[in-house]
Amino acid sequence: MTINRLRDVLSAIGPPPDARELSEMLWLACHISPSGERPPAVPPVPPPAVDEPVDAPGPLKPPEPAAPRPPEPLTELHPRPDPGAEPVGRASEVLVPTAPMLADPLGVQRALRPLKRRVPSRHRAELDEDATAARIADTRLWAPVLVPSPERWLGLSLVVDTGPTMRLWRPLARELAETLLRQGAFQDVHLSYLGEKGHVASTPDAPPQDPGTLLDASGRRAVLVLSDCSGPHWWNGRAVRAVRRWAQAGPTAIVQPLAERLWRRTAAPTSPGLAALPRPGAPNTDLRFAPYDGAAGPGVPVPVLEIAPRWFGAWARLVSGSDPQPAAVAMLPDRPSGAAPVRRERELPIAERVRRFLATASPDAAELAAHVAVSVPSLPVMRLIQHRILGGSGPGQLAEVLLSGLLRPAGGVRYEFVPGAREALLDTLPRPEALHTRHVLEAVSAEIERRAGTSAETFRALLPADGGPVVLTAETDHFALLTPQARSHLVPDPMTPLPSPARPPTLLDLADVPLFELAGDGWPRHPRPTVIGVDGEDPVSVDVLHGEPALPHGLINGPRAVRGALLRTLVMGLALDHSPSTLNFVFVGYNGGASFTELGQLPHVAASATTERTDSPPLGRLPEALEAERERRESILQNAGVTSWDEYQEAIASGRPLIPLPALVVIIDDAGPLLHARPELLNPLAELCDAGPAQGLRFIFCSPNDAPTPPGLSGYAAGTSASPVGWAITSPSFTSSRRRPAPPSSPHASHPTNAPSSPG
């Protein structure tokens, strides 16, 4: 073969090589031995001659085969029981890993690469070293040359719908947000939640804000709305108006967890066609859309994406100003169409429902339904089956099964088949039911064993255990069999001493559990004291918001370790008892925020001023910021025609359409040393303590018991009779003789309260 022929062959399968690359290829080929050649074998050395014959040993006896090892005992894994079922035993609760909902996160990240471009920044500049050196050489002036810094082209707002039908897609929202954040194509990824009234919020229970807060004046922000477009706020037009507003300002798309075949049944049906933008990052109002069939209807065009890499790739190329891309576009009108969701299929006989589902569903969805029929219809178990058996199927196929009319919710992540549906699906199996059940059981068990011990999302299940704290019922059939190795990753080692089963977990033990899991479907709305522990058998509670009006503030006093535990317990208890629209926190401290460890992620935290030094500027600006907040609250109360925060909350409870005004609990850690070092803060804080309770401000002072007490501090940070401190918690080592009791007029503060013997 000639050099030219070799170059032609290599050019046909890739970029044409240059002379250097050809030389290196030929040199490497000369120094690589062909795989068929072997080095010459070394001739065997003949054994030495033996002068005298030696008796040859007899034939060796074959070793006896080892006794077969007994099979490892497998442990059944059961779902959590239904209330009221017949008990058959005891079990312990474990956390079992489940499979992700986002089937191909790496594929989604690769698909968004067209958006990974940089542009000159409008606000930040950097030093151009070459131009600066040239200027100094030419002009002898040491003046820097600054040029705009490169930055990411687009920012991204991911808006998650919180409608009643979106609860099961919460894990998908978390996975999608993490995938977009790790992709690195955007300036920032801002997560918001779309409420049922068309407003947005930073958390599902945070105060609502106008949808216009997501708009960017520069036009360099894209919006992705994760929604199934099936909630009532989509049919009445409230959600549509918010999406139209974002689409008129920048590139906007709807990310649909449902399969494409189900979109026609939602409030945002689509039409397939070709879409193009006249320039990169243009708003949707400039989108040119040509349907494959017919003409586009009136309204603002919004692309709808299935959660798959090819859909994200087409949208990324569309936003980046590429050639016309295939797209499914929903035309969002100015007024709702007045249509209603489809409900007639619920009236069909079950056999007809199964027949229609098998005729119209995708092959993966039909197969998944058959697998679920021989297992447990729980959402985490369905995800395990889907990931292990069906491979690359996504949330769309799971949605087809959940919305088929063959399942109905049974509380939490559990579902149940409607009467007759399981039997009708089992009749469609191509193999005996016992073999199919064994196949699904082995697949789920293998997937759990593969994910055990990893950082995967978990769900609660039951392991049979004598004397366990949970009742095992006859209806909770097992869905997996665990080996001892997998079981060891789910429960502690049997040789490790366990805490007494009679001891419930404390709030500090639950600090790592997501707050929405602890709060369940919502926070209690009725006022009640916050339980922070027990003293013997009596509960210890503190009423921070609705205590004595004349003594609204509190004090926590003791060594740092005890004080920090009491403070975190109190904050966790308040967060569980009150939603972010009812209560907010402000954390203040100069020790780096050690006492507020694990509390910064709470959705209730409005601000945090934790520094390393007492002379930090944020601490000096604290009274001014709190006074501005107090005046803002006073204006809101006046506009509502009430005089106090308590009256405002009563008006909201009675049904008046008022914006939420959460109480603001300001927690100042190391208050004694802080105010001793910064005495200029004492009088402004004292005035806020006097005037702030009417506007919903509450102060909690935390101080060590051996801290110096500067003049004037004893009233507000030491809890004397001259202070408005209505309750106090002290450590057991700090006796009441070292401080005077609070005024006896308050039922909450007649005596200093010792720290509970068992924190909550």
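Reader: Before we start, what should I know about the model and its numbering?

Author: It is a predicted model, so local features need pLDDT of at least 70 and side-chain atom pairs count only at pLDDT 80 or more, while totals for chains, interfaces and linings use all residues. Residues are numbered from 1 along each chain as its sequence is written, and side-chain values use heavy atoms, with hydrogens and water left out.

Reader: Good. In what order do the strands of the open sheet run?

Author: First the terms: strands (E, at least two residues) and helices (H or I, at least four) are DSSP runs, numbered from the N terminus. Two strands pair if DSSP finds at least two bridges between them. Here 9 strands form an open sheet with mixed pairing, in the order 7-6-5-8-9-12-13-10-11. Its edge strands, strand 7 (200-201) and strand 11, each pair on one side only.

Reader: How do I read the two faces of strand 11, and which residues are covered?

Author: The general idea is that in a regular strand the side chains alternate between the two faces of the sheet. In strand 11 (residues 288-291), Phe289 and Pro291 make the covered face, whereas Arg288 and Ala290 make the uncovered one.

Reader: On to charges. How many salt bridges does a search of the whole structure find?

Author: A salt bridge is a side-chain nitrogen of Lys or Arg within 4 Å of a carboxyl oxygen of Asp or Glu. The search finds 24 of them. In one, the side chains of Arg124 and Glu151 meet at 3.3 Å, N to O. This pair links distant parts of the chain, 27 residues apart: Arg124 is in strand 3 (residues 118-127) and Glu151 in strand 4 (residues 146-152).

Reader: Are Arg124 and Glu151 buried or exposed?

Author: Buried means under 20% relative accessible area, exposed over 50%, and partly exposed in between (1.4 Å probe, protein chains only). Arg124 counts as exposed because its relative accessibility is 52%, whereas Glu151, at 8%, is buried.

Reader: Which salt bridge lies within a helix?

Author: Look at Glu352 and Arg355, whose closest N and O atoms are 2.6 Å apart. They are separated by about one helical turn because they are 3 residues apart in helix 9 (residues 350-360). Salt bridges that share partners also join Arg174, Glu175, Arg383 and Glu457 into one network.

Reader: Last topic: which residues make the nonpolar surface patch?

Author: Patches are made of residues with over 30% relative accessible area and no salt bridge; like charges are joined within 9 Å, and nonpolar side chains (Val, Leu, Ile, Met, Phe, Trp, Tyr) within 5 Å. Accessible areas come from the Shrake-Rupley method with a 1.4 Å probe, and for residues only the protein chains shown count as cover. Trp27, Leu28 and Ile32 make a nonpolar patch of about 350 Å². Trp27 lies in helix 2 (residues 19-30) and, at 54% relative accessibility, counts as exposed.
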